[in-house]
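Hi everyone, thanks for coming along. I'd like to walk you through one structure this morning, so please have a look at the screen.

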Amino acid sequence: MAISLQEMMAEANAAVARIPVARAQDLIAQGALLLDVRDAPELEVQGRATGSHHIPRGMLEFRADPASPFYDTALRADRPVVLHCASGGRAALAGKLLKDMGYGEVYNVGGFAEWKEAGAPVEEPVDRGMSV
């Protein structure tokens, strides 16, 4: 039976706790990984959360599986993961995926704009000046 996007989002939001930026910062200070799942062009244009690790949503399965040749050692099933994207949707879906893959402590902090609005540290995009 087919599942709709609305159903996938409902399942993801039920499985992955949405937390405020302040709670995310506490978790990160205790060793959690802040994971940005936006696509690379978004980071180039919008900047990124200071200290964030980047894995595009489309590569997450390959980076999260220790048996994969593309495994990213920053991801560990025993390390809390705090996800964000542009608005929170991809982060929710990514969080459910990580939980399905055995990651225990996974959170969704929402979108990058929320991170910035809360006054959390960011790295602004590089000004390309005349090189564009």
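Let's begin with helix H5, which lies across E5 and E6 and runs at about 150° to E5. Keep in mind as we go that this is a predicted model.

H5, residues 89-100, also packs with helix H1, residues 5-15. The angle there is about 70°, and the axes are 8 Å apart. That makes H1 roughly perpendicular to H5. The crossing of H1 and H5 is left-handed. Which residues make the contact? From H1 we have Met8, Met9, Glu11, Ala12, Asn13 and Ala15, and from H5 there are Gly89, Ala92, Leu93, Lys96 and Lys99.

In what order do the strands of the open sheet come? There are 5 of them, running E1-E6-E5-E2-E4, and the pairing is parallel. E1, residues 17-18, and E4 stand at the edges; each has a single partner strand, so one side of each is left without a neighbour in the sheet.

E1 is joined to strand E6, residues 106-111, by 2 bridges, and the two run parallel. Here Ala17 stands opposite Tyr107 in E6. Helix H2, residues 21-29, packs on the sheet too, touching E2, E5 and E6, and its direction makes about 135° with that of E6.

Next, strand E2, residues 33-36. As a reminder, in a regular strand the side chains alternate between the two faces of the sheet. In E2, Leu33 and Leu35 point one way, Leu34 and Asp36 point the other way, and all are buried. On the E5 side, 4 bridges join E2 to E5, with the strands running parallel, and Leu35 has Leu83 as its bridge partner in E5. On the E4 side, 2 bridges join E2 to E4, residues 53-54, again running parallel. There, Asp36 has His54 in E4 as its bridge partner.

One last stop, out in a loop. Asp78 sits between helix H4, residues 60-64, and strand E5, residues 81-85. Is Asp78 buried or exposed? Its relative accessibility is 64%, so Asp78 counts as exposed. And if you go looking for Val122 from there, Asp78 and Val122 are 44 residues apart in sequence and 26 Å apart in space, C-alpha to C-alpha.

That's my tour, so over to you for questions!

Terms used. Residues numbered from 1 in each chain as written. Predicted model: local features only at pLDDT ≥ 70, side-chain atom pairs only at ≥ 80, totals over all residues. Heavy atoms only, no water. Buried < 20%, exposed > 50% of the residue type's maximum accessible area, 1.4 Å probe, protein only. Pairing = 2+ DSSP bridges. Axes fitted to C-alpha atoms, helices over the stretch in contact; angles between N-to-C directions. Parallel < 35°, antiparallel > 145°, perpendicular 65-115°, else oblique. Left-handed = near helix turned anticlockwise from the far one by under 90°. Contact = heavy atoms within 4.5 Å.
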